[in-house]
Every structure is written in C-alpha cells, then in structure tokens.
Amino acid sequence: MSIIQEIRCSNCAAPISFKPGEIIATCQYCGFTCVIETGKAFTLEHSMILNEYTSDQAEELIRNWMRSGFLKPGDLAKSSKILEKNLVYLPFWVVPVTATSRYKGVFERVTPAVVKEDTIEKEYSWLVLARKAAIFPAREYDVPLEGKVPYDFRKIEEFAKTLNSEVARDEAVRLARQQIESHHQFLAKQEVDKIIEMKSDFAVGDAVYLHAPIWFVAYEYKGERHNIILDGATGTVIKGDIPATRFGIL
Ligand SMILES: [Zn+2]
C-alpha cells in the first residue's frame, strides 16, 4: 500500500496529494505545477498532448486492431471482452539533444580486418518516461510532439488519471545521454563488428515536462488476460498482447 501525502497548492490552497518518490506534482483543481520538495512553482515548460478519443472510440480502435494484421486469432475481435479501459496522462521529459559520437572499430568481415573510424551526429527530442516503474515502452512510442500545447488541467477528462513525475530534470538529462549513447553504440555496430572506443558529446537544450494521453486497456480472450497500450492522440496501438495461436499438433 502506498502512503499518500499532501501539500497545499501555493496558487489555490487546495491540497495536492502525492506519493513517496514523486518529485513534481500538479494541482488537480487549478493545474498549478510545483516541485514537491520546495512547494515552489515549477519553472520549466509544462506541456501536454490532447486525447482525441472517447472511451467508446478507444474501444472501436482496439477492435479494429484486433481485426487487422497477421498472427491474430480470427475471432479475436468477436470473442474478446474488454475488462478495463483507463486513460492515463503519463509524465515524460522531452530532452532536445544534439549528440555527436566519434568511434573507432574493427570491421572483421574482411581479411585482413580493417580499423574504421567514423562519426555519428544526430538531433533528438529524446523521450524519458518520468516514472520509475517500467509501465510503458517509451522506446516504442513515437510521441506526436507537433500536437504539444501548454498544459491546461481543464482539458483533462474527469475520468482520466494524471501521474506525477518521479524523475527530476537532471536525472532525465542523464538518462537521455545514457540511452542515446547506447543507441549510438547500436548504430556503430551496424558498421563495425567490434567497437574499440567511442566518445560522445552532447549539446542539451531546454527539457520540456510533458503529459501525454495513453489508454491502458485489458481484455480477456479464452479465459486469459492481455494488455493493450493505445496512443490517445493518434489512436495507434503502441503495444498489444496477441494471444498465442495454438496449432493442432498435440
Ligand atoms: Zn491549485
């Protein structure tokens, strides 16, 4: 069980509740966002992406997904029962980074092996999930940043849940650098078989705190529970469990 604590909103005096580990909280009465430790206003940009679907429409998108594509049981849409549909505004940090990685590696697929040197330079709006538990596949989510608007609590549906950030800005920047570095290692390994050295430089811009609408759906098919994660801005299924189709071998 998690203990819920409270501070007073310094904008409207309403109680702002938060859980242990949360760092940034948003008042659900006036939308004021503050740093829990100090109670002071959060001064960086706080944005949101709007949800475009009602609960019924989200279900329709799920049924369409069930009906389409290969590897799904033919009766999936017809025989599945939706158990839960929750709209959650998940907190993210969007970190603008220009990353330059110089590397040296060995290309072993030729004889004799050759040493190659190259540079990877890329610009990113790197997305870091601001929650510690791995509840969401951030790398598989192509955040629709073009739809970003200033955070407005009046645009949050009453039935939706908004999660606070458990990750401070500096931590998000550190994670972004780390994740980009391993992404560049992955890219370099397409060119060479072994990396001898890699040095990366990062130019980091102003990070944006962002709430994005994600539908968490659970459904039942033939007695088993499965999950689907749907992007509330674009209606795309970000990740969906497909029940294993059993072949009649045994
Ligand atoms: Zn308030």
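Two notes before we start. The model is predicted, so to speak of local features we need pLDDT of at least 70, side-chain atom pairs count only at pLDDT 80 or more, and totals for chains, interfaces and linings use all residues. Residues are numbered from 1 along each chain as its sequence is written, and side-chain values use heavy atoms, with hydrogens and water left out.

Let's take the whole chain. Its secondary structure comes to 3 helices and 13 strands. Here helices (H or I, at least four residues) and strands (E, at least two) are DSSP runs, numbered from the N terminus. The C-alpha atoms fill a box of roughly 70 × 60 × 35 Å, taken along the principal axes. Of the 250 residues, 42% count as buried. Buried means under 20% relative accessible area, exposed means over 50%, and partly exposed is in between, with a 1.4 Å probe and protein chains only. Now contacts, meaning heavy atoms within 4.5 Å. Among contacts between residues at least 6 apart in sequence, 68% join residues at least 24 apart.

Next, the metal. Which residues coordinate the zinc ion? They are Cys9, Cys12, Cys27 and Cys30, each through SG, at 2.3 Å. Donors are N, O and S atoms within 2.8 Å of the metal (3.2 Å for Na, K and Ca); water is not among the atoms, so sites may look incomplete. In sequence, the donor residues follow the spacing C-x2-C-x14-C-x2-C.

Why is the arrangement called tetrahedral? Because the 4 donor atoms subtend angles of 106 to 112° around the zinc ion. The rule is this: four donors count as tetrahedral if all angles lie between 85 and 135 degrees; four count as square planar and six as octahedral if opposite donors are over 155 degrees apart and all others between 65 and 115; anything else is irregular. For reference, the ideal angle for four tetrahedral donors is 109.5 degrees.

On to the largest pocket. Its volume is about 540 Å³. Of the 21 residues that line this pocket, the closest to its centre are Thr26, Gln28, Ala160, Lys161 and Thr162. Two elements give two or more residues to the lining: β2 (15-18) and β9 (161-162). The largest share, 4 residues, comes from β2. By class, the lining has 10 nonpolar, 5 polar and 6 charged residues.

Some terms there. The search runs on a 1 Å grid over the protein atoms alone: a cavity is a set of points where a 1.4 Å probe fits but cannot get out, and a pocket is an open set with protein on both sides within 12 Å along at least five of seven lines; lining residues have an atom within 4 Å of a point. Grid points are joined across faces, edges and corners, and a volume is the space filled by probe spheres set on the points. As for classes, Ala, Val, Leu, Ile, Met, Phe, Trp, Tyr, Cys and Pro count as nonpolar, Asp, Glu, Lys and Arg as charged, and the others, Gly among them, as polar.

Now the backbone. A cis peptide bond joins Thr111 and Pro112, with omega about -5°. Pro112 sits in the loop between β6 (81-107) and β7 (114-129). Ala13 has a positive phi of about 70°, although it is not a glycine. Ala13 lies in the loop between β1 (5-8) and β2. Lys222 also has a positive phi, near 45°, and is a residue other than glycine. Its place is the loop between β11 (208-221) and β12 (224-231). Is Lys222 buried or exposed? At 65% relative accessibility, Lys222 counts as exposed.

Leu50 is in the loop between β5 (46-49) and α1 (55-67). Leu50 and Lys148 are 98 residues apart along the chain, yet their C-alpha atoms are separated by 7.7 Å. Beyond four places in sequence, Leu50 touches Val149, Lys155, Pro213, Gly232 and Ala233.

Asp193 is in the loop between α3 (169-188) and β10 (194-204). Leaving out residues up to four places away, Asp193 touches Val106, Phe107, Glu108 and Arg109.

Val204 belongs to strand β10. With neighbours within four places set aside, Val204 is in contact with Val95, Pro96, Val97 and Val173.
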